[in-house]
Amino acid sequence: METIPVGKGIPVQEKTRGGLTVTRTTAWTAPGCHNGCGVKLFTDENGMLVKVEGDPDAPFNQGRLCPRCCALPGTVFSERRMLHPMKRAREDRGKDKWQQISWDEAYDIIIEKMTEIKDTYGAETFIFNQGTGRDIVSYLTRFMWSYGSPNYVGFQSGNSCYVPRIVGMTGTMGAFWLGDFSQQFPDRFDNPEWQVPGVVFNWGVNNLVSNADGNMGWWILECMKRGSKLVVIDPKVTWLAARADLHLRIRPGSDGALAMGIVNYLIENDLYDHKFVEQWCYGFEELAERAKEYPLDKVAELCWITEDEIVQAAHYVVDYGTSTMQWGLPADANNQEATPAAQAINAIWQITGLVDVPGGMMIPVDIMPGGYAGGWGRELLSPEQAAKKIGADVYPLMQFSPWCSPDKMIETLETGEPYKIRGAWFETNNVLACMGTDAERLLSALKDLEFIVYVDPYMTPTAMALADIFLPVCMFPERNGIALTTGSQRAAAMIKVCEPQGESKSDQQILLELGRRINPDAWPWDTVEEMFSAQMEATGLGFDEVRVTSPVYPKFTYRKYEKGLLRPDGQPGFATATGRIELWSTMLNGVGLDPLPFFSEPVPSPFANPDYYEEYPLVVSTGIRRHGFFHAEHRENPYLRRLTPEPICEMNPKDAEKYGVAEGDWIWVENRIGRCQSRVHLNPTILEGTATTDHAWWFPEGDPEKLYSVRDVNTNNLTEFRPGKNGYGMNLKALLCKVYKADGPKEEK
Ligand SMILES: Nc1nc2c(c(=O)[nH]1)N[C@H]1C(S)=C(S)[C@@H](COP(=O)(O)OP(=O)(O)OC[C@H]3O[C@@H](n4cnc5c(=O)[nH]c(N)nc54)[C@H](O)[C@@H]3O)O[C@H]1N2
Ligand SMILES: Nc1nc2c(c(=O)[nH]1)N[C@H]1C(S)=C(S)[C@@H](COP(=O)(O)OP(=O)(O)OC[C@H]3O[C@@H](n4cnc5c(=O)[nH]c(N)nc54)[C@H](O)[C@@H]3O)O[C@H]1N2
Ligand SMILES: [Mo]
């Protein structure tokens, strides 16, 4: 593979005038992050990390940095870091009765219990749990496969972070795409091949705060400075929405209808790219027929917007040369039928031919195939064991990804069918505070397992409730590593600049050491650096080399479908059965699913469930991202906590008046699944009839044996295990709720 080394010639380490050592490296995990920004870490003569700056030479962030990295020393040196491996008797789960042990003892207990479970019941009865993408995916999946289990899970119903959208992309194009903000080029906005998008669509994404999925919010401003128009589709007036040329404040959960309405308008008004459709698309007639079900008047009513706004949006797609689109989590998680909605949104840019062209939608080049997404070592799992994956029989698409079905897994935990689950491994997943849907149901389902291991830099409510063995991990300044980010458009080195706190070790070290004991053939490396080099084999680069040339970019070309660069057989076209973009998906049809995009109401919804709506009259989006927190993390860091000290429910002042609550009140937010507490914040930019809640709340300073009050304030007391027909998608952004006054948390459980 042809690669472009960016770092060559820039020193990795230098002394500053103040006597500090500055190291150019990459931010990755822990603590949690999606992006892998280039950073400069400043350490003093005692090896203390004293300061972090953004690296202006890193093309990805060009010196920008979020508050969580700026406040990193407070996170690394927090008194709440876990310093030693610990064990606890199974009957003491939930009690703060831990005993410090050595790594050897921890490993011995783990190997003994995991071997016993495998020999007695089968490796499939031991499940592996991961939260969002952090730097463990490829190592933990390899560990799981080398042990023999097919069950990788995160307990977010419908695997509803990115996976539903990815199925919508691969199911139609055999590829994955992103908005083209020049991120694939080391010289970025100056690259001569790149063109500034005529229009940027920001579709249900708050990227200045979340910088989600390999996208950075400031790139949009760079495009706007260079002339891009901006369209924002978001019920809330975000910072970017306030500066948009067009802002569609749609009803949460109605995105699929809007997309189908735009597709229909583009086709009926002959605004699509005939030549591209004829040459590269399959199933256009069928799509056009389906889209007729979404005329302007109907869509306007469903989305709570005007017909004219839909018409304007459709024109912004095509009237300014090119347009590109960055989307966000609501596309996966505001409606069970998320994949069909993702197909609909994709179709807008597919029928207009804005595919892998400068300033359109961009198909990234994977520097390490399967690296970030976890395909490394999949051959270690035998076909017999793979066939035991929970949910893959009901949802056949699940055979193709590392993940099993969380919705079937919760049933399996409860019923013991088709087999009883015995043990669980949690790494990067504080599931009872954040990722876990219907948190109370999940706690009941997990609490009696025979053996639970938890791996984290911090004690968490989940570890306190469930773990028998706790393994402390170190953070990125304390270890070496390679950062592979979403789309793996680059590989970057992480360089150790300070000693790990206490006895903590890196995830990679832990999994290599345990892997060598559990299946030595699968883990032939003596050091983690040797393992990193093996992972990067396709690039021909070793870790030592990447250490100085980091970041390394794969060479990028546009219109790969014309050049035979997308298909394994090297022929022009797309990696689908027909070789074309399948607007009518043969892959989905092949597993008995609707091959065309469609919209159906989220469950519950104001239109589909009027009786529910009458009792629970607010449409609530849960999980608004905050600058200072990555999910359930960072609340122990005083600098970051100050930004958002408590969970907030934002609502329009008119709704607050209607429901008798006021600014600063503690309230219950409640629906038919459960309730959680929050403080009211009145915000006139919230669309009337809707509200938002923060997710992932707990109080690290609280009582461990009350699980840090997580059960009082967890917004996932309101969410439900209920995926779409293909097993993917859920509703956590368009719930129906009511609100009323409460006394404040820490009173209840
Ligand atoms: N600081 C910080 N950054 C993060 C995270 C974090 O916890 N903290 N988490 C990371 C993770 S794993 C993810 S998945 C991403 C998620 O980040 P994003 O993809 O940006 O998603 P959200 O922040 O959930 O919502 C984005 C916007 O969608 C709007 N919205 C809500 N409901 C709907 C709807 O139904 N339709 C439309 N069109 N818009 C809607 C909201 O008002 C909000 O402005 O963030 C990542 N980045
Ligand atoms: N209601 C509602 N719920 C949501 C969401 C929402 O919008 N609304 N968002 C959902 C989404 S999109 C996602 S992706 C999930 C995220 O859910 P998770 O990814 O499970 O997030 P956390 O609960 O913060 O748990 C992560 C844990 O990993 C630890 N950690 C961080 N980095 C590392 C590391 O490198 N190694 C190890 N071993 N540990 C590490 C942290 O200290 C923390 O305890 O939450 C989901 N939950
Ligand atoms: Mo996520």
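Author: Happy to. The side chain of N637 makes a polar contact with the side chain of T75, at 2.9 Å. A polar contact here is a pair of N or O atoms within 3.5 Å; within protein, one must be able to donate a hydrogen and the other to accept it, and residues adjacent in sequence count only if both atoms are side-chain atoms. Bear in mind that this is a predicted model, where local features need pLDDT of at least 70, side-chain atom pairs count only at pLDDT 80 or more, and totals for chains, interfaces and linings use all residues. Residues are numbered from 1 along each chain as its sequence is written, chains are lettered from A and ligands numbered from 1 in the order in which they are written, and side-chain values use heavy atoms, leaving out hydrogens and water.

Reader: Thanks! Is N637 buried or exposed?

Author: N637 counts as buried because its relative accessibility is 0%; buried means under 20% relative accessible area, with a 1.4 Å probe and protein chains only.

Reader: And what is N637 in contact with, leaving aside its neighbours within four places in sequence?

Author: That would be A71, G74 and T75, where contact means heavy atoms within 4.5 Å.

Reader: Switching to ligand 1: which residues come nearest?

Author: D234, D255, F629, H631 and K733, out of 31 residues around ligand 1; a residue belongs there if one of its heavy atoms lies within 4 Å.

Reader: Which polar side-chain atoms lie by a nitrogen atom of ligand 1?

Author: One belongs to D255, at 2.6 Å from a nitrogen atom of the ligand, and one to S621, at 3.0 Å. Taken alone, ligand 1 exposes 910 Å², and the protein buries 98% of that (Shrake-Rupley areas, 1.4 Å probe).

Reader: Nice. Now helix α11, which of its residues are buried?

Author: In α11, residues 296-303, the buried ones are V299, A300, L302 and C303. Helices are DSSP runs of H or I with at least four residues, numbered from the N terminus. Down the axis of α11, the buried residues fall within an arc of 165 degrees, so they line one face of the helix; the arc is that of the directions from the helix axis to the C-beta atoms.

Reader: What covers them?

Author: The cover includes α8 (255-268) and α12 (307-318). S254, in the loop between β13 (246-248) and α8, is in contact with L302 and C303, among others. The side chain of S254 also reaches the backbone oxygen of R251 at 2.7 Å.

Methods
Buried means under 20% relative accessible area, exposed over 50%, partly exposed in between (1.4 Å probe, protein chains only). Helices (H or I, at least four residues) and strands (E, at least two) are DSSP runs, numbered from the N terminus.
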